[in-house]
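Please read it beside the sequence and coordinates shown here.

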Amino acid sequence: AWAGEFGLGRPALPEEIAAWDLDVSPDGTGLPAGSGSVEDGEMVFADNCAICHGDFAEGVDNWPKLAGGMGTLDRDDPLKTVGSYWPHLSTAWDYVNRSMPFGNAQSLSPDEVYAIVAYILYSNDLVDDDFVLSNENLAAFELPNAEGFIIDDRETAEAHFWTAEPCMENCKDTVEITMRARVLDVTPDAGGAEEA
Amino acid sequence: MSESSGKHSPSRRRFLTSVAAAGAGAVAAGAARAAGPDPLITEVQDWARATGDGVDATPYGLPIEYEGDVIRRNVEWLTADTISSINFTPIHALDGTITPQGCAFERHHSGAIALKKEDYRLMINGLVDQPLVFSYADLERFPRENHVYFCECAANSGMEWAGAQLNGAQFTHGMIHNMEYSGVSLRTLLEEAGLSAAGDLKDKWVYVEGADASSNGRSIPMEKALDDVLVAFKANGEALRKEHGYPVRLVVPGWEGNMWVKWLRRIEVMDGPVESREETSKYTDTLEDGTSRKWTWVMDAKSVVTSPSPQAPITHGAGPLVITGLAWSGRGAITGVDVSMDGGKSWQPARLAAPGQDKALTRFYLDTNWDGSEMLLQSRARDSSGYVQPTKAQLREVRGLNSIYHNNAIQTWWVKANGVAENVEVS
């Protein structure tokens with residue numbers, strides 16, 4: 001048996017690690033061999049995904065939209081999809097493989113996941129209809145928003161407001177109410193005085 | 001849900017009656033006199049004549065029925081379904097700092113799963129000397145620690161970025177709970193697997209994921225993993241609740257709730273972050289120019305007045321009034337809270353019920369005498385790092401309106417002369 005400081009636990013077997021260690025990194029580490037075409041993806045998507053995400057990955061009702069929204073990130077109501085927002089294609093493969101379809105996760109074969117991800121790319125107008133995605137070309141595929149992320153910079157970008165000595169007296173001349181939740185009236189009935 | 005009938009419930013009628021009574025009472029504040037003998041005193045009541053329940057009536061008790069309003073609530077329109085969704089802690093009705101587990105908020109991505117201790121396995125793999133599998137029983141044999149920490153969803157107050165929207169502290173600030181955790185430090189478990197294979201630990205990461213279908217995988221830098229992260233199996237003295245990760249969850253002090261992986265099943269030591277769905281598509285914060293912050297892990301200093309508040313109006317008229325609330329910071333301990341009753345024109349220091357604890361909720365009180373006039377109530381927290389809680393205008397100036405997460409702005413309640421309070425924004 002393994003003897004760490006406490007000698008607790010037991011060595012993990014290769015089969016066990018293979019069953020649970022499914023994560024895929026941006027450089028493609030973790031991808032299994034396989035491939036899938038846009039054409040296959042259209043079918044697999046229709047069978048497994050379209051009921052919530054729409055025939056063209058455009059989303060049904062309140063379910064997530066997987067396509068569209070290009071160029072909306074700096075607008076009032078940005079539409080964040082795999083095409084418009086996600087930085088790495090590895091994430092799409094990893095997430096679909098491990099956690100989709102919703103309610104029947106981990107039911108897809110690697111080839112089906114490649115095909116679905118290829119179809120999502122097609123739905124975002126990022127590949128042609130003859131495109132085939134595989135473990136060979138996935139990591140090299142650059143999504144439009146790959147450069148759209150910065151590492152948390154609150155420590156510098158916001159220091160000007162939180163380091164100031166707080167005002168205690170005569171902090172402003174007037175105070176006006178500028179917005180009221182009652183006007184929207186979208187709160188569930190939850191005690192208190194909504195009607196009073 | 002049970003509150004759907006609340007409009008016509010006895011408690012609603014009681015409240016409206018009491019507001020009317022308070023109005024009358026305000027005129028003669030401080031001069032309350034009995035109109036006549038109180039029958040609750042002069043007549044023998046049932047509970048003083050007959051007997052109550054035996055000790056075998058309730059092997060594990062729930063709150064008394066009269067507290068039926070102190071419950072989690074959800075907001076249907078927020079999410080597509082109730083499985084990958086959120087509910088809210090009734091912070092407007094609680095006091096002190098410890099959140100009762102039964103009404104502590106839930107956030108799941110594929111529902112609350114039932115995982116037996118016997119079926120539980122925790123794997124540590126990746127860049128370790130020996131990949132290991134632990135049973136639940138193994139975990140209980142490691143040296144244990146106890147700590148109180150808040151778990152705040154990154155999206156707490158997120159619906160309020162664009163304006164005052166939801167009318168109640170439960171909804172605007174209730175994606176939070178605060179518990180005393182018992183468990184094993186993550187460092188202990190990583191050292192049991194051995195970290196010499198990982199080489200220089202400075203640039204290493206751990207990837208953590210749950211046993212549920214969503215997995216909720218997140219990447220944590222090794223420095224934090226070896227600092228204060230806990231693998232917890234008890235909260236507030238008893239086993240974790242199913243919906244909070246039974247039998248084992250991760251506790252990541254001060255950091256956004258999403259990283260507190262529930263039903264924890266695997267920890268992988270890695271060269272870099274996975275950049276999983278929950279740290280790319282979600283839990284990234286979009287700024288006005290369309291770029292987005294990633295890895296915004298820490299929850300900054302924040303506070304809210306829990307009473308009076310929209311769900312906790314003043315019903316007793318003018319006179320002595322307890323203003324109370326909660327403050328917390330992922331950057332350290334709360335060192336002070338200021339309260340304003342005039343929308344931020346002037347402030348006075350509140351009283352902390354106990355000295356602030358590191359990355360835990362702190363209760364504050366302002367014992368005041370209300371003259372019955374309108375108030376614009378605000379609270380402003382300060383922490384041990386020197387951070388002062390900002391206004392929403394200050395945050396918006398840097399971030400715009402679309403960052404969804406990490407809204408720690410000062411909250412304003414408009415308390416009217418009749419004691420009713422409303423969520424508002426002020427200039």
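B:Cys153 counts as buried at 5% relative accessibility, where buried means under 20% relative accessible area, exposed means over 50%, and partly exposed lies in between (1.4 Å probe, protein chains only). B:Cys153 takes part in no disulfide, and the nearest cysteine sulfur, which belongs to B:Cys151, is 7.9 Å away; a disulfide is taken here as a pair of cysteine sulfur atoms within 2.5 Å. This is a predicted model, in which local features need pLDDT of at least 70 and side-chain atom pairs count only at pLDDT 80 or more, while totals for chains, interfaces and linings use all residues. Residues are numbered from 1 along each chain as its sequence is written, chains are lettered from A and ligands numbered from 1 in the order in which they are written, and side-chain values use heavy atoms, with hydrogens and water left out.

Over all chains, the structure holds 1 disulfide, and the bond joins A:Cys167 to A:Cys171 with an S to S distance of 2.2 Å. The torsion about this S-S bond is about -100°, so the disulfide is left-handed. A:Cys167 is partly exposed at 33% relative accessibility, and A:Cys171 is partly exposed as well, with a relative accessible area of 26%. A:Cys49, by contrast, is in no disulfide, and the nearest cysteine sulfur, that of A:Cys52, is 9.0 Å away. With a relative accessible area of 11%, A:Cys49 is buried.

**Interfaces**

Chain B is divided into domain 1, residues 101–293, and domain 2, residues 302–424, with bounds that come from an automatic or database domain assignment. The C-alpha centres of domain 1 and domain 2 of chain B lie 28 Å apart, and the contact between them takes 37 residues from domain 1 and 34 residues from domain 2, contact meaning heavy atoms within 4.5 Å. Chain B also meets chain A, with 110 residues of chain B in contact with 82 residues of chain A.

The table sets out the two interfaces by buried area, which is the accessible area (1.4 Å probe) that two parts lose on being put together, summed over both.

| Interface | Buried area | Given by carbon and sulfur atoms |
|---|---|---|
| Domain 1 of chain B and domain 2 of chain B | about 3,000 Å² | 54% |
| Chain B and chain A | about 8,000 Å² | 56% |

A salt bridge is defined as a side-chain nitrogen of Lys or Arg within 4 Å of a carboxyl oxygen of Asp or Glu. By this rule, 2 salt bridges are found across the interface of domain 1 and domain 2 of chain B, and 9 are found across the interface of chain B and chain A. B:Lys302 forms a salt bridge with B:Glu152, the closest N and O atoms being 2.9 Å apart, and A:Asp153 forms one with B:Arg293, with the closest N and O atoms 2.7 Å apart.

**A sheet with strands from both chains**

Helices (H or I, at least four residues) and strands (E, at least two) are DSSP runs, numbered from the N terminus, and two strands pair if DSSP finds at least two bridges between them. An open sheet of 6 strands runs in the order E1(A)-E4(B)-E3(B)-E12(B)-E7(B)-E8(B), with mixed pairing. Its edge strands, each of which pairs on one side only, are strand E1 (10–11) of chain A and strand E8 (218–221) of chain B. Strand E7 (residues 205–210) of chain B pairs with E8(B) in the antiparallel sense over 4 bridges, and B:Tyr207 stands opposite B:Ser219 in E8(B).

**Backbone geometry in loops**

Where do the cis peptide bonds described here lie? One joins A:Met100 and A:Pro101, with omega about -5°, and A:Pro101 is placed in the loop between helix H4 (89–99) and helix H5 (110–123) of chain A. Another runs from B:Ser307 to B:Pro308, with omega near 0°, and B:Pro308 lies in the loop between strand E15 (302–307) and strand E16 (319–328) of chain B.

Positive phi in a residue other than glycine is found at B:Asn236, where phi is near 50°. B:Asn236 lies in the loop between strand E9 (230–235) and strand E10 (238–239) of chain B and is partly exposed, with a relative accessible area of 24%. B:Ile404, also a residue other than glycine, has a positive phi near 60°; B:Ile404 sits in the loop between helix H8 (392–399) and strand E22 (412–415) of chain B, and at 38% relative accessibility B:Ile404 counts as partly exposed.
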